[in-house]
Amino acid sequence: MNEKTLRVLEYGKVKNMLANEVSSALGRSLVDALQPLDDYDEVVQVMAETSEIAEVVVKASNIPMGPIFDLKESLKMAEIGATLSIGQLLRISDSMRTARLIKQFIKGMNEDGIKYPILFGRGESISTYKRIEDEINRAIISESEISDQASPALYKIRREIEKANSDIRKKLDNLIHASSSQKYLQDAIITIRQDRFVVPVKSEHKHSVKGLVHDQSSSGATLYIEPMAVVELNNKLKELRLEEKAEIERILGELTGLVSEVTEGLRINQQTLAYLDFLIGKGKLSLRMRGMAPEFNQRGYLRFRNARHPLIAAKEVVANTIWLGNEFRTLLITGPNTGGKTVTLKTLGLLTLMAQSGLHIPVDYGSELCVFKNIFADIGDEQSIEQSLSTFSSHMTNIVNLLEKADEHSLVLLDELGAGTDPTEGAALAMSILSYLHSSNVKTLATTHYSELKHFALVNEGIENACVEFDVATLRPTYKLLIGVPGKSNAFEISSKLGLKDDIIEHAKIFLDKDNIEFEDILTSIEESRREAEKERDEAVKLRLEVESLKDKLSNREEKLANQREKILKDAKEEARTLLKKAKDESDEIIRSLRGLETAEQKQRNKEIEAMRKKMRDNLSSVGSSAFDEMPSNFKAPKSLKVGDQIKLVKLNQEGTVASEVDSNGQFMAQVGIMKVSVNIKDTMLLNDHGQVEKQTKKSAKQYGSKTMHVSTEVDLRGMNVEEAIVILDKYIDDAYLSNLESVRIIHGKGTGALKSGLKDYFKRHPHVKSFRDGEFGEGGHGVTVLSFK
């Protein structure tokens, strides 16, 4: 990509923003190397990576991206057999820990399936070395200290060093506190010189204390003497310290050996961690600037919806929608100075560079972009005193260069095209340059002050006018881009607002030719029409919002009514359930009483019990049906009816005759006694000539009756929940009890144990159940509960 373009569009400042979101020097090195790509597939790939990691950044409250160090030198030393320092080993341990935590994090984000395939792939390339990490952390406490637990030998040596220190201090304490020695000493203290314990002796008494002189004070008044009594002990201490140093070197060498075995894996880890740090920085930057990924196309089309310049504060930036490459390939922006033309130019160029670098851009959904091979920009005053180039010459040098290189895969940005020279010649050159770029199929965005270029854009197909809006009332630009509207200079209006006399302004208009005046009047008319249209649009939006508000209120009201209706139905059903339960309890009491009949009358008793039970069931069915407004279980509506057919109205529990043809909605009139009622065919049952329900209904009743006569000694509830199982058990236990079964097997399976646990409470409360136990070996074990009846 063109280096000058990167500089004038301030691409480096965006990279600085990205570098601030990256946590490691390795990640920042990748930021420094970041460049826009020009291959479509590569751009799509890096954008997909950013989109995935941005989603992870939003979902994960804390990504464990710990310290990542550059281990190149350390790993190279380990490979050639050099011993690594304490600090180097600690940095390797920290990097191992970061790699391990990141791998665990990635695994956790994908534990319910591979939701983030790109991140998952990166995580798979990470190796963990927990054993080596633990060995290093066990041996090393800090950058300057090895732990006593690093080895048994080191522990022993350090205990001996402590003892030697203690022995020396005891001897020296006795010496300095002895009354005979007080007059020789400068101070009654013990100090160290050249790693040996000494005492400060007055120089005039140096012969009174036998020992070795190691140092003297700057004034010469004090000599630091090692008394002969502790020379041997100091020598021993020195030897111990040398042993300690040797043992530490051995430990470091051993740890280095462990590292040398995994250097290649550590290199791959560092590369992966650096890239993940770089990607996470991209995700955080996207979140900070409220960015998103545009769609990429290969049609040469660009459209940014509500694009915002990333380097302007969010509270100040004005969003604009820009498109190029579909209806027109060249967009010409006109308008006053400081109106935002150059910012618009830079916004388009910088967002394109960011997107082709795999960065999310601050635009709205629906934005799309083609991939450019080159982006050329001629923006700003580049005059050079050293090269004796004027502003015009500098601009023209840049334009000559870009005209030689630009093609149909290029984007060209030209600021104040043709400026810096005679306006007539400058305008002519500008039109010629734009014509050349247009004929070469180059996507071009240019800004200008020349009114001739407005006419040029109007009469040439594929070249479109645009302007930045200016509020004459406040004399301030609004920075809004209006595509399809040529810019108006507003010089006369601004001058009038600033207080210039009207006669001067009118006299100035004489110097304009008639065509210019008419053209400016047309622009004024267009501007007024646009403002009126925007006003009407705003009113329409306001009305739409009011309608939506009313709609929401109605919806809320309907929802409230529905909730109230549901509550009423729920209360009614609850009351019905209470009635059903009461009726069932009464039936259970009756059955228990009947169980007390004489054994000799067993057969007759069973018949009576069954008859009473059937009557009770019919009563319960009647209560349940009216409470819940449900159809009988064996109910089947007829497919068709004709006038004169005998029917039963199920919901009304009345019989009647079809009095009219059934319409397309299934509605017809039925004669019930002296009344005619409107019913639906779905709520009826066809009767035969004897006033009975059709044969299939009777068959169901017979089948039901036969089932109650032969009760199995076991019931299988596997696969049901507790509520479903209880519905089945209510009838089954009643049937088994009436059939004089002493015990039955309830098969619920083992599973999670939830069904078995829920049924235990049910068995405890059931009036027919005397006791229950788990199945024994051969009965089904814990997957079966055996009930005994009273």
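The model is predicted: local features need pLDDT of at least 70 and side-chain atom pairs count only at pLDDT 80 or more, while totals for chains, interfaces and linings use all residues. Residues are numbered from 1 along each chain as its sequence is written, and side-chain values use heavy atoms, with hydrogens and water left out.

View A. The ring centres of Tyr275 and Phe278 are 5.8 Å apart and the planes meet at 50°, so the pair is tilted. Rings of Phe, Tyr and Trp (its six-membered ring) pair if their centres lie within 6.5 Å; planes under 30 degrees apart count as stacked, over 60 as edge-to-face and the rest as tilted. By this rule the model has 4 aromatic pairs.

**View B. The aromatic cluster of Tyr762, Phe763 and Phe772.** Phe763 and Phe772 form a tilted pair, because their ring centres are 5.6 Å apart and their planes stand at 55°. Phe763 counts as buried, at 2% relative accessibility, whereas Phe772 is partly exposed, with a relative accessible area of 28%.

View C. Leaving aside neighbours within four places in sequence, Phe763 is in contact (heavy atoms within 4.5 Å) with Leu729, Ile746, Val769, Phe772, Thr785 and Leu787. One of these residues, Leu729, is 34 residues from Phe763 in sequence and 9.8 Å from it in space, C-alpha to C-alpha.

**View D. Arginine side chains over the rings of Tyr155 and Tyr224.** Arg159 lies over the face of Tyr155, at 4.6 Å from the ring centre. The charged end of Arg193 sits over the ring of Tyr224, 4.1 Å from its centre. A charge sits over a ring if NZ of Lys or CZ of Arg is within 6 Å of the ring centre and within 35 degrees of the ring normal.

**View E. The cysteines Cys370 and Cys467.** Cys370 counts as buried, at 4% relative accessibility. Cys467 is likewise buried, with a relative accessibility of 4%. A disulfide is a pair of cysteine sulfur atoms within 2.5 Å, and the count by this rule is 0 disulfides.

Conventions: Buried < 20%, exposed > 50% of the residue type's maximum accessible area, 1.4 Å probe, protein only.
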